[in-house]
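Let's take a walk through this structure, one spot at a time. Have the sequence and the 3D view open as you read.

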Amino acid sequence: MTDMLQRLPAPEVAQQLTDDFDGLLTCVEITPITHDVTSFTFALPGGAGLIFAPGQYLTITVEVDGVQLERCYTISSSPAQPERPTITVKRSPDGPVSTWLHDQLRVGDVVSAAGPYGLFSTATHPARKVLFLSAGSGITPLMSMTRAMRDQALVCGSGSGLSGPGLGEPLDIVFVHCARTPDDIIFRAELEALAAGGLAAVTIICQDDSPQEVWQGPRGRLTLGALFAAAPDVLDREVFTCGPPRFMAAVAEHLTLIAADPARSHRESFVLDAGAPASERALSGTSHLVTFARSGVTVECDAATTVLATAASAGLRLPSSCQGGVCGTCKSTLLSGQVDMQQAGGIRQREIDEGKFLPCCSTPLGDLEIDA
Amino acid sequence: MTTLDQTVADSTLTDPTPTNRTPTEAAATAAPAHGIPDPAVLVARRRPGHVLEGPFYTSPEIFALDIDAVYAKQWIFVATEPEIAEPGDYVTIDLGRYSVIVLRDDDGQVRALHNVCRHRGSRVLLEERGSVGNLVCGYHQWTYATDGRLLHAGEQPPEFDKACFGLRQVAVRTVGGLIFICLATSPPEDFDDVADRIEPYLAPHDLANTKVAAQVDLVEHGNWKLVMENNRECYHCEAGHPELTCTFFPTYGFALEDIPARLMPAHARYLKAGVDLARACDERGLPHAEIEELTDRSTGFRIQREPLDGAGESYTRDGKAACRKLLGDLDIPRLGRLSMHTQPNAWFHFQADHVVTFSVLPLAADRTLVRTTWHVHRDAVEGEDYDLDHLTEVWSRTNEQDGEFVARTQAGVSSPAFVPGPYSSSEYQVDALVTWYLQRLQEHLGR
Ligand code: FES
Ligand code: FES
Ligand SMILES: [Fe+2]
């Protein structure tokens with residue numbers, strides 16, 4: 001485990017710590033969080049502690065109607081409390097495991113569990129400035145990371161504010177959470193306390209009012225504008241995203257649009273109670289090599305991606321305007337290879353015959369070499 | 001003053017045929033056969049959010065009106081203090097039929113005097129700039145002190161009272177090293193307010209204690225309003241200014257929802273750089289918030305400290321400082337650009353390492369002087385602390401490109417076929433300029 005985690009055990013923690021658990025967990029506490037979200041806190045056999053990185057998950061196996069069902073749940077608690085790992089579960093009407101946990105599990109009961117698993121963690125990708133983007137129960141790993149940072153700061157005794165492990169500089173957390181209504185905001189009081197304490201800049205976006213509360217904050221979905229409003233310096237931040245597939249896809253689209261460094265964007269997605277990872281952005285699966293001869297850059301281009309977009313992701317700025325094959329601004333010379341060009345009047349046949357094409361509306365049919 | 005690299009460059013990119021017509025010919029084309037356009041009618045029928053009608057850019061009558069209603073009434077930026085660093089240093093500024101001497105008097109004060117001899121009216125100083133002991137009219141040698149007092153007028157009767165024949169004073173104000181003049185007898189009073197508010201932004205650069213590294217006069221083949229309008233938007237920057245957009249974010253003036261997808265990466269960099277800049281400014285007590293009051297007041301202005309792309313220090317290709325010596329007490333180069341714009345004739349960029357000022361002076365309905373002046377630390381040594389070509393490259397190229405856009409537009413709006421088009425939302429500052437201008441015309445026309 002990382003440095004960060006090795007410093008955590010407090011003196012009162014039991015003798016035994018493990019970072020590889022496979023056995024029975026005893027439920028020791030059940031805490032309602034919202035009308036359909038509940039936290040379940042467990043104890044390991046013999047009072048042992050579980051070493052985990054914030055953001056990691058456990059695989060929980062329960063028997064429902066005589067059938068063994070296995071699901072992944074992110075640990076929501078802080079690694080600073082290794083003896084009390086907690087998962088936070090949203091009740092899903094079609095989810096037998098979450099329904100069972102909500103309806104059947106009582107304090108004192110046991111479940112089989114294994115873990116921790118996963119690399120989606122600030123421990124794996126340490127950074128001083130982070131942006132947490134969550135929707136619905138996707139908040140759990142991010143809350144674990146936030147709690148870890150808070151507790152780390154307390155352990156390190158850095159005085160006011162959070163302090164990065166050994167960095168000496170304050171940590172800078174921007175936390176954006178999207179919920180359906182104010183009633184669905186998971187960990188609302190804690191988020192508000194973090195904001196009030198200056199430990200994180202928190203933005204909560206609700207789609208609708210709840211019957212009891214007219215939402216006063218930003219509304220709707222996480223648009224690019226809302227993202228910029230919450231974190232104008234998003235390019236400066238390590239981004240951790242967790243939520244339902246549509247949310248993940250929207251965030252991925254925003255980050256691509258602003259050319260954020262993919263290496264600094266981390267994502268985790270569990271389809272609620274199904275345990276399946278979210279599908280990645282639709283790509284064709286085939287890719288070709290595109291060489292920009294003058295720039296001396298060669299990149300892989302998916303067969304479903306335009307040459308212009310590929311150039312942009314390679315950091316090359318080809319002139320462009322309409323991006324739809326109309327204006328001809330992007331007109332370039334194709335030195336070799338074939339493209340599928342869906343132009344709209346921006347180029348004449350005469351020019352095509354001369355080897356020109358419009359990268360904005362062309363996808364590669366094979367390897368390409370371009371005079372750019 | 002030290003080296004003053006003064007070049008007078010005529011915009012060479014223009015096809016002479018349409019733009020070199022005399023103003024009279026241009027007006028004949030633009031105006032209906034039955035006579036010149038009535039300015040009041042033109043003002044009244046301008047469609048909000050739309051470009052002005054052709055005669056505003058081509059008619060010599062409207063040009064004369066512009067001088068009377070705008071250039072002779074408002075505060076006009078004409079020079080910087082380092083241009084007249086020593087007592088006796090002067091520049092002469094032509095505004096329509098006016099000529100004004102802007103000089104530093106023997107007490108070190110900046111003065112502005114009408115360049116009209118009190119004897120029979122000869123121009124007193126004929127050069128564009130220079131240095132004098134006293135001001136001697138070359139015709140009959142009436143001699144004035146640098147503060148305008150008449151010192152000597154030969155062969156006058158004994159009762160002649162020299163005190164009555166000083167050079168006529170022109171209102172002058174300096175703020176942060178910038179020199180503004182106003183030809184009106186009662187200048188707009190809101191200048192004091194504007195000066196108080198912009199001074200804290202400008203002061204840290206200590207422009208008054210810089211030196212002029214270079215000055216370029218570019219004569220653009222277009223109406224002064226086209227020059228200013230072109231400067232007030234960045235719709236054209238992405239395609240038009242490859243050197244500028246290395247560091248100038250091309251989403252300037254755009255609302256987020258109007259930013260095309262391809263410019264989003266630049267906009268994201270802009271926002272991030274803005275956060276860094278705000279922090280750097282706050283740590284140093286440098287004001288950076290936008291103030292934008294472009295219309296509804298005489299001294300319309302806009303000021304803001306904004307980030308630059310790349311290294312974020314200066315207008316160079318990579319954004320790194322072009323001069324090693326920083327201005328004033330500034331301790332880091334990465335302070336973006338403090339940019340200001342004043343109606344009707346100027347814009348400014350103050351960086352940590354140098355200041356560029358731009359003064360727009362109308363010459364004729366279709367010709368405009370754009371004077372660009374680069375200032376560096378007084379002790380900076382050319383070739384050692386800075387390279388002149390490197391320092392001036394970006395704005396020299398950008399000005400040439402803009403001159404070309406202006407000339408093309410002048411040619412186009414001179415065509416009888418020209419119909420004013422709508423501004424896009426990113427051109428709101430162009431709309432504001434035009435609105436401000438029409439407000440001034442309405443004031444002048446008394447309605
Ligand atoms: S960008 Fe317009 S045709 Fe390619
Ligand atoms: S006109 Fe100046 S001295 Fe006569
Ligand atoms: Fe321009």
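## Ground rules

Helices and strands here are DSSP runs (H or I, at least four residues, for a helix; E, at least two, for a strand), numbered from the N terminus. What you're looking at is a predicted model, in which local features need pLDDT of at least 70 and side-chain atom pairs count only at pLDDT 80 or more, while totals for chains, interfaces and linings use all residues. Residues are numbered from 1 along each chain as its sequence is written, chains are lettered from A and ligands numbered from 1 in the order in which they are written, and side-chain values use heavy atoms, with hydrogens and water left out.

## Chain A in outline

Chain A has 8 helices and 20 strands. Of its 372 residues, 49% count as buried; buried means under 20% relative accessible area, exposed means over 50%, and partly exposed is in between (1.4 Å probe, protein chains only). Now look at contacts, meaning heavy atoms within 4.5 Å. Among chain A contacts with a separation of 6 or more, 66% come from residues 24 or more positions apart.

## A few stops along chain A

Start at A:Pro116, which sits in strand S8 (residues 110–117) of chain A. The bond joining A:Gly115 and A:Pro116 is a cis peptide bond, with omega about -5 degrees. Then try A:Asp65, in the loop between strand S5 (57–64) and strand S6 (67–74) of chain A. A:Asp65 isn't a glycine, yet its phi is positive, near 50 degrees. Its relative accessible area is 76%, so A:Asp65 is exposed.

A:Leu171 is also in a loop, this one between helix H3 (139–156) and strand S10 (172–179) of chain A. With a relative accessible area of 12%, A:Leu171 is buried. From A:Leu171 to A:Arg237 you go 66 residues in sequence, and their C-alpha atoms are 11 Å apart.

Which residues does A:Ser321 touch, leaving aside its neighbours within four places in sequence? They are A:Cys327, A:Thr329 and B:Arg262. You'll find A:Ser321 in the loop between helix H7 (307–313) and strand S16 (332–336) of chain A, and it counts as partly exposed because its relative accessibility is 36%. Between A:Ser321 and A:Pro54, 267 residues apart along the chain, the C-alpha separation is 44 Å.

As for the histidines, B:His236 is buried at 14% relative accessible area, and B:His241 is buried at 1%.

## Around B:Thr80

B:Thr80 belongs to strand S2 (residues 76–80) of chain B. Is B:Thr80 buried or exposed? Its relative accessible area is 0%, so B:Thr80 is buried. The side chains of B:Thr80 and B:His375 are joined by a polar contact of 2.8 Å. (A polar contact is a pair of N or O atoms within 3.5 Å; within protein, one must be able to donate a hydrogen and the other to accept it, and residues adjacent in sequence count only if both atoms are side-chain atoms.) Leaving aside neighbours within four places in sequence, the contacts of B:Thr80 include B:Gly177, B:Leu207 and B:Thr357.

## Two loops in chain B

B:Asp206 lies in the loop between helix H6 (191–202) and strand S12 (210–220) of chain B. Though not a glycine, B:Asp206 has a positive phi of about 45 degrees. B:Pro344 is in the loop between S15 and S16 of chain B, and the peptide bond from B:Gln343 to B:Pro344 is cis, with omega near 0 degrees.
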